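Take a look at the model below. The report covers ring pairs, pockets and a surface patch.

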Amino acid sequence: MKIKDAIGAYPQCDTFRLTYLKQFEPSNVVAWLAPFSYDSSEPVTFGHLSIEENGLELIFPIELININLLPLGIYKFRQVLSLQGRSGGSLWQELSYINFDTFLHIVDDLVFYAPKNIIFTHTVGTVPPAHQIQMNGVSWSLVGTPRYLLFSTDPSVTIQNVSDETGNFQIASGTGEKTVSITLTNFFDQPSAPGTIPITLFINQLKVKSGSVIVDYVDVRVRKLFTQVLELSPDQLNFIAIKNVNDPAPQNIIFTCNVPGYVLTYSPWLTVTVEQTLIDGQPEQVLRVTTMSTFNLEAGIYIGHVTVTAVIGGIEKIETTIIRYQIDDLTSIPYEYGQFAFTLDKKSISLLSFNSATYIQMKTEVKTFDFFTGLEKNYSVPEKIGLFQGKAKINIGRRIHQLLNKNKKPDENIFQYKPAKVTMFFEERNLSDNTLIRSENSDEFLFVAGLSEGFSKFGFLKFNRMPERVTKNEFKYFNILVPAGEFNFLVYKNGVEYSNQMLLPSDGHIMTKKLFFEEFNQGDKIEVSLKNETGETDRLIFYVIPEGKYSNHIIWEDIFLLKSSIECHGNFTIKSDFTFVSANNYEDFVSQLEYLDITKVAKVTINTGWILKTQVDSIESLMRSKNVWIGLKEKKVSLRPLNQSLVNEDSERELIDYTLEFQINPETNEETYRF
């Protein structure tokens with residue numbers, strides 16, 4: 001048994017030990033396990049071991065003794081292990097623990113049975129389902145409870161009706177390999193008592209006996225439903241494997257169905273079985289989906305289905321889960337088909353080969369689209385990739401980021417740019433003569449600039465998703481990425497819906513909504529939310545604070561190549577530095593200073609005013625931007641950040657402000673600037 005590595009994992013402790021306690025149940029019988037110790041010391045029931053280094057393993061021998069002196073029954077040996085730590089001479093504190101149990105069954109003969117767990121899904125008022133239990137042994141019996149009915153179509157199985165203080169139940173018994181069926185009694189059709197919450201989950205156990213001795217239990221769980229239901233979840237499963245290298249692990253579809261006579265169909269390269277299992281500790285009936293081996297299929301992408309059809313209330317209902325099976329022969333691509341990929345994510349394409357002296361010829365075809373107009377531009381990027389021990393990794397995201405079009409000036413357009421369409425082509429060739437060994441093409445993926453952190457299937461494209469402060473004078477840009485479908489842009493004021501707008505069909509474009517906060521008051525909590533047809537949402541939070549002495553908006557291009565903004569409340573300056581290019585000319589033997597050229601560098605220094613601690617990342621995003629603008633006298637002036645350092649954390653300050661410095665990119669040297 002390997003013990004968890006503690007040294008370095010718990011910085012609050014500098015000393016560690018492992019305590020142990022050995023327990024036998026029942027305790028009043030002859031010893032049946034030979035004494036042992038975890039180290040060279042004498043065996044004891046309770047003690048501890050000092051932990052001086054990581055990698056501790058406990059080895060304990062199982063040596064049975066006095067077996068013939070034990071009566072028939074079940075015996076348990078429990079090891080209670082506690083990982084403890086402390087600092088200096090302080091009290092020991094428990095960091096982790098485990099109970100490790102060893103069972104001994106003393107029987108006249110072994111009994112085998114399957115399954116160990118049975119799960120019923122029953123609808124009140126319908127004929128209950130039945131499950132089969134396979135029994136095998138010289139002399140076995142299965143003891144029921146009053147809530148269940150045991151029966152068998154095999155006449156050699158004896159069904160005995162028994163009564164005790166719990167009620168009437170059956171005992172099924174027999175010899176050899178036999179089948180016993182279990183179904184539900186009308187207990188599960190009884191209504192709940194008035195004023196009580198209906199119980200929908202029942203857990204019981206059936207005793208398994210060898211002769212007269214209990215050797216084990218069958219767990220029985222019943223999920224009680226009040227209407228007929230047919231549901232499959234999720235609506236899609238994705239399998240990925242490498243041809244002739246590995247097969248994907250089976251996956252489960254949660255199968256909620258209490259309708260008799262349903263029909264199950266699936267694609268021919270799938271195997272689907274109805275099974276019962278525990279998911280997150282809850283009983284679930286599942287469809288276990290297994291794909292055909294990669295040895296029997298060509299590399300590529302297979303789209304299939306698992307479909308269940310049933311009649312509910314006289315109407316045919318069909319539930320389907322789509323199955324996507326991707327078999328990579330040469331490549332393993334980390335991007336999910338049908339979902340947005342992001343250029344700055346740390347994801348790499350893996351290349352694999354079992355051939356020697358080969359290389360990969362890769363070509364990436366990229367279609368980008370101009371801002372607003374959607375004008376298409378095509379790029380083809382060829383490259384040769386060497387393999388080391390048959391493997392290589394390559395990140396294509398950042399090169400796609402460089403190819404995406406940039407918007408050089410801020411604008412008020414709703415539609416921005418469309419995600420780039422990217423397709424990759426791979427060829428493995430011999431180094432010696434360039435002959436083709438194999439080739440593979442990828443799906444077409446949609447790439448968006450930026451990072452995917454905080455983004456699901458749809459939502460706001462925002463680097464810092466933490467709450468922000470705003471004033472009545474402020475505006476914010478909301479950059480929105482959504483697939484096809486209907487979406488609503490909602491604003492809530494202090495938890496109450498304030499406005500609700502349906503978004504225009506995007507035609508694949510990323511959209512930008514501009515929101516002014518002039519109608520809100522100091523102290524308001526503003527929630528801006530995006531909601532799809534099924535009620536899923538993405539949201540951002542803002543808190544309204546008092547206006548400052550000044551109000552100047554800075555706009556910048558963020559990592560998504562879209563606009564972000566912040567209002568600066570603090571003081572500001574504009575300073576111009578002049579550079580003179582001069583020469584000395586002599587006239588009548590007198591030196592005369594002449595200017596050949598005069599250039600000007602204008603700099604803006606502006607204080608943000610107080611911001612929330614959660615907005616520090618936004619300031620860093622601003623100072624990392626290659627394109628920044630500020631509004632000066634009805635005109636947006638281009639800036640470039642100059643700050644070379646930023647204090648991200650200051651333990652002594654609860655409220656934070658920053659003084660930011662920029663250089664103005666002038667259109668002409670003669671231009672002057674004023675706030």
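A search of the whole structure finds 27 aromatic pairs. Here rings of Phe, Tyr and Trp (its six-membered ring) pair if their centres lie within 6.5 Å; planes under 30 degrees apart are stacked, over 60 edge-to-face, and the rest tilted. Tyr335 sits in the loop between strand E23 (331–332) and strand E24 (340–342), and Phe447 in strand E31 (residues 445–448), so the pair ties together parts 112 residues apart in sequence. Helices (H or I, at least four residues) and strands (E, at least two) are DSSP runs, numbered from the N terminus.

This is a predicted model: local features need pLDDT of at least 70, side-chain atom pairs count only at pLDDT 80 or more, and totals for chains, interfaces and linings use all residues. Residues are numbered from 1 along each chain as its sequence is written, and side-chain values use heavy atoms, with hydrogens and water left out.

Next come the pockets. A pocket is an open set of points on a 1 Å grid over the protein atoms alone, where a 1.4 Å probe fits, with protein on both sides within 12 Å along at least five of seven lines; lining residues have an atom within 4 Å of a point. Volume is the space filled by probe spheres set on the points, which are joined across faces, edges and corners.

| Pocket | Volume | Lining by class |
|---|---|---|
| Largest | about 590 Å³ | 5 nonpolar, 5 polar, 9 charged residues |

Ala, Val, Leu, Ile, Met, Phe, Trp, Tyr, Cys and Pro count as nonpolar, Asp, Glu, Lys and Arg as charged, and the others, Gly among them, as polar.

The largest pocket has 19 lining residues; Leu344, His401, Ile559, Arg624 and Lys626 lie nearest its centre. Helix H1 (397–403) and helix H2 (616–623) each give at least two residues to this lining.

The second largest pocket is lined by 20 residues, with Thr121, Pro129, Cys257, Tyr262 and Gln285 closest to its centre. Strand E6 (117–123) supplies the largest share of that lining, 5 residues.

Finally, the surface. Phe578, Phe580, Leu593, Tyr595 and Ile598 form a nonpolar patch with about 530 Å² of accessible area together. Nonpolar side chains (Val, Leu, Ile, Met, Phe, Trp, Tyr) are joined within 5 Å, like charges within 9 Å. Areas come from the Shrake-Rupley method with a 1.4 Å probe; for residues, only the protein chains shown count as cover. Phe578 belongs to strand E42. Strand E43 (590–607) gives the largest share of the patch, 3 residues.

Technical notes:
Patches are made of residues with over 30% relative accessible area and no salt bridge: like charges are joined within 9 Å, nonpolar side chains (Val, Leu, Ile, Met, Phe, Trp, Tyr) within 5 Å. A salt bridge is a side-chain nitrogen of Lys or Arg within 4 Å of a carboxyl oxygen of Asp or Glu.
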